Amino acid sequence: MTNSLLDRARAGDGRAFGELTAPHVRELHLHCYRMLGSVTESDDLLQETLTAAWRGLHDFQGRASLRAWLYRIATNRCLNAIRDSSRRVRAEPVPPFRPPEPSRRGDLAWLQPYPDAWLGQLRDVTPGPAARWEGQETIELAFIVALQRLSPRQAAVLVLGDVLGFSHAEVAGMLDSTATAVKGALQRAHASLSRHRDGLRHEPSGGPGSATERDLARRFAACLADGNVDGVVALLTETAWLSMPPASHEYLGPVAIRGFLDASRRWRSQTPLTLVETRSNGQPAFGSHLGHPGSGAGRPAGIFVLTMHLDRISGITRFLDQDSDRYFGRSGVGGTAEGPDA
């Protein structure tokens, strides 16, 4: 960043503002996603962040880096959104068939998948020395789910400190707090995260994108598309689970999952199910269509994201909202890095 570029942006030059913020836009969007678990909301919060930065650029004194200043704005916008009680009101989709009674009801209606294609657009930013989580782990669904179950403040200090590597003093400055308070919140976040992640940990054989992972995912897709419920169940661990955000239904164990898949198979009867390979949250995924998408008759039917453990599938997350289908066919984040109209 050069002073002349900053001066031009402060003088109302939208192009200069775009050049200043462009290197940070994608990572800010991912930051909002980690905080909110929702791509739809992250689109909105990114634009709010850029608008606030554009309007408040004269307040940027350069005592912290521009990147840290933008993260301060984005984090506080996210915290405000989480506190907004209206965010918690979301209609649950009505299934077209009678599903079996779920094993339990989940509480994360806002969870959405994050396309791996967007992760490839992130610039290579080395986290600060405070970072303690590996980059791959911090985008996986297990981590995102666990973050949503922390208090908003704990989630903020954990992402800013452990994931992005900002120091306690830097995080305190972003949250108008003290380094001591941040350290305490981070310790509580570690304890809470450990409890929430116990049932979600997985260990993919060969690592993300390995031949073993790809083969297992393709076997799953072939069985599901063919209506071979026994074949799908044979690929599951004994503790496997199936969830369907934004619906609250969750099925735990192969027997419960079989019951749901049988009901779904009977409902669609002779309607073809087409699965298109993709990736989400660093994990194998499939976009699904009912009918024949190549002929224009197919309709989107959600995104399947698979969680692996060794040579088995330990989790199936089927995202039902239409926004998820739209995002996986979209090439970029809503809006641009260029400053909004003053």
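**Helix 2 and helix 3**

I began with the axes of helix 2 and helix 3, which come within 9 Å and cross at roughly 145 degrees. I noted the crossing of this pair as right-handed. The model I am reading is a predicted one.

I then listed the residues that meet. Helix 2 brings G14, F17, T21, V25, L28, H29, C32, Y33 and L36, and helix 3 answers with V39, E41, S42, D43, L45, L46, L50, A53 and W54. Sorted by class, the contact of helix 2 with helix 3 has twelve nonpolar, four polar and two charged residues.

**T49**

Is T49 buried or exposed? T49 has 1% relative accessibility, and the cut-off for buried is under 20%, so I count T49 as buried. Leaving out residues up to four places away in sequence, I found that T49 touches L70, I73, A74 and R77.

**Helix 1 and helix 2**

Helix 1 covers residues 3–10 and helix 2 covers residues 14–36; I read a packing angle of about 130 degrees, with the axes 7 Å apart. That angle makes helix 1 oblique to helix 2. The crossing of helix 1 and helix 2 is left-handed.

Which residues make this contact? From helix 1 I have L5, L6, R8 and A9, and from helix 2 A16, F17, E19 and L20.

**Helix 6**

I checked burial along helix 6, residues 141–148. Seven of its eight residues are buried, so I describe helix 6 as largely enclosed by the rest of the structure. The buried ones are L141, A142, F143, I144, V145, A146 and L147.

Seven of them form an open sheet in the order 1-3-2-7-6-5-4, with mixed pairing. Which strands lie at the edges? They are strand 1 (104–105) and strand 4, and each pairs on one side only.

At the strand 4 end, I followed strand 4 (residues 273–280) into its pairing with strand 5 (residues 283–290), which is antiparallel over eight bridges. T274 stands opposite H289 of strand 5. The hairpin of these two strands has two residues between the strands, and there I found N281 with a positive phi near 55 degrees.

I also looked at strand 2 (residues 236–243) and strand 3 (residues 249–252), which pair in the antiparallel sense over three bridges. W241 has L252 of strand 3 as its bridge partner.

Helix 12 lies across strand 2, strand 3, strand 4, strand 5, strand 6 (299–309) and strand 7 (312–319). Its direction relative to strand 2 is about 50 degrees.

**Totals**

Of the 342 residues, 51% count as buried. Among contacts with a separation of 6 or more, I noted that 68% join residues 24 or more positions apart.

Terms used:
Residues numbered from 1 in each chain as written. Predicted model: local features only at pLDDT ≥ 70, side-chain atom pairs only at ≥ 80, totals over all residues. Heavy atoms only, no water. Axes fitted to C-alpha atoms, helices over the stretch in contact; angles between N-to-C directions. Helix = DSSP H or I, 4+ residues; strand = E, 2+ residues; numbered from the N terminus. Parallel < 35°, antiparallel > 145°, perpendicular 65-115°, else oblique. Left-handed = near helix turned anticlockwise from the far one by under 90°. Contact = heavy atoms within 4.5 Å. Pairing = 2+ DSSP bridges. Buried < 20%, exposed > 50% of the residue type's maximum accessible area, 1.4 Å probe, protein only. Nonpolar A, V, L, I, M, F, W, Y, C, P; charged D, E, K, R; others polar.
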